Amino acid sequence: MASSACLLFLLSACGDAGQGSPTLPTRGPKPIVGVILPDRTTSTRWEEQDRPLLTQAFNYADIEPFMENAEGDEAKFAQIADEMIRRKVKVMMITPLSAAGGLAVQKKAKAAGIPVIDYDRVTLGGQAEYHVGFDSVNVGQLQGDGLLGCLGDKPGAQIIEIQGAPTDHNATLFAQGQKSRLSSKYDSGALKLVKSQPVADWNNDLGGQLFEQILNENGGKVDGVVAANDGLAGAVIAVLKKKNLRVPVTGQDATVDGLRAVLGGDQCVTVYKPVRDEAEAAARLAIAIARGDLEGADDLATGNLRDPVARRDVKSVLLGATLIKKDNVRTLVTEGIVKPAELCAGALAQVCAQQDILGG
């Protein structure tokens, strides 16, 4: 037992009998990693998934997380960053609300000698040393493929696109991926693009209002909707229901609400981006930097994302995504991503039974 105790304290706390109390080695303060999440409204993922996953990873690595939510407020975003710089965090991980806000923070961090990781969104024209996110062009391609699969062979189907924030480069890349699948259909007349509408700040309420306006201007006619994420999809679906319409609608993020809409037939597809993998990759990168292992950090960032504004390649970790339809929602349950009780409440119990979801 004595030897076990010695091993438990890495031999440093054990002494011979009669030599007084053992002395534990002194430990310096834990390195701090600063994380700024963007908001709580555009997607539930930030607080429900990213925060606990990142917190767990940093705590396990004996790194102190200093994690705050900007609540969609540029001023608060800047204030949080200033406090992180004051506390001398070893690395900052930010999800910028805009390119201008992200760049302003990155300039201050660089002056203070603090590396920055762009998390999930790249800051166009920015100075971040690293980026961790998903292959956003591929996400858009999956959305385009999903819409085409849902539409079938309907000739001249009228499509409305409700895109994300024009200030978010990811939204631009999603649209780029969608166009790679849909533009030729628009050009040939196989599909008709009614309008492609960006939505400032990914605001779901605004997205619903803009969709309804476009729909009304088109005489209430629509055959399919490209909605850039599940939040915007939900706003679109609310308008469609008000007008007693049901047409294929895409989404993204595989939120519980989005998955329930897919199971219920109101939303045709969503795109699952494994936030767990993104958070793990970002945490590993941040931990390496916080420990001073910059060579190890570079080894983790095996890809590059082109910043067309700064005209530079940002060292990146780029992750893949999966198209989710009604018949494969169950895979997210079996992988423990979402719980049956969350999906199957109320009227969806019968659908879940049919899809063998209740049994996991």
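Colleague: In what order do the three strands of the open sheet come, and is the pairing parallel or antiparallel?

Modeller: Bearing in mind that this is a predicted model, the three strands of that open sheet follow the order E7-E6-E8, and their pairing is parallel. The edge strands are E7, residues 191–198, and E8, residues 224–227, each of which pairs on one side only.

Colleague: By how many degrees are neighbouring strands turned against each other there?

Modeller: On average the neighbouring strands of this sheet are turned by 15° against each other, with direction ignored.

Colleague: And how many bridges hold E6 and E8?

Modeller: Strand E6, which covers residues 157–163, pairs with E8 in the parallel sense over four bridges, and within that pairing Glu-161 has Val-226 of E8 as its bridge partner.

Colleague: Which strands does helix H7 lie across?

Modeller: Helix H7, made of residues 204–217, lies across E6, E7 and E8, and runs at about 155° to E6.

Colleague: Back to Glu-161, then. Is it buried or exposed, and which side chain of opposite charge is nearest?

Modeller: Glu-161, which is found in strand E6, is buried and yet has no salt bridge, the nearest side chain of opposite charge being that of Lys-179 at 4.5 Å.

Colleague: Changing topic: which way do the residues of E3 point, and are they buried or exposed?

Modeller: Val-91 and Met-93 point one way from E3, whereas Met-92 and Ile-94 point the other way, and all of them are buried. As for its pairing, E3 is joined to strand E1, residues 32–37, by four bridges, with Gly-34 standing opposite Met-92. Three bridges join E3 to strand E4, residues 116–119, where Ile-117 is the bridge partner of Met-93; E3 runs parallel to E1 and also to E4.

Colleague: Where do they sit?

Modeller: Glu-71 is in the loop between strand E2 (64–69) and helix H3 (74–86), while Lys-88 lies in the loop between H3 and strand E3 (91–94). Glu-71 is partly exposed, with a relative accessible area of 36%, and Lys-88 counts as exposed because its relative accessibility is 67%.

Colleague: Last one, for the whole chain: how many helices and strands?

Modeller: The secondary structure of the protein chain comes to 14 helices and twelve strands, and its C-alpha atoms fill a box of roughly 90 × 50 × 30 Å along the principal axes. Of the 360 residues, 48% are buried, and among contacts between residues at least 6 apart in sequence, 68% join residues at least 24 apart.

Methods
Residues numbered from 1 in each chain as written. Predicted model: local features only at pLDDT ≥ 70, side-chain atom pairs only at ≥ 80, totals over all residues. Heavy atoms only, no water. Pairing = 2+ DSSP bridges. Helix = DSSP H or I, 4+ residues; strand = E, 2+ residues; numbered from the N terminus. Axes fitted to C-alpha atoms, helices over the stretch in contact; angles between N-to-C directions. Contact = heavy atoms within 4.5 Å. Buried < 20%, exposed > 50% of the residue type's maximum accessible area, 1.4 Å probe, protein only. Lys, Arg positive; Asp, Glu negative; His and termini not counted. Salt bridge = Lys/Arg side-chain N within 4 Å of Asp/Glu carboxyl O.
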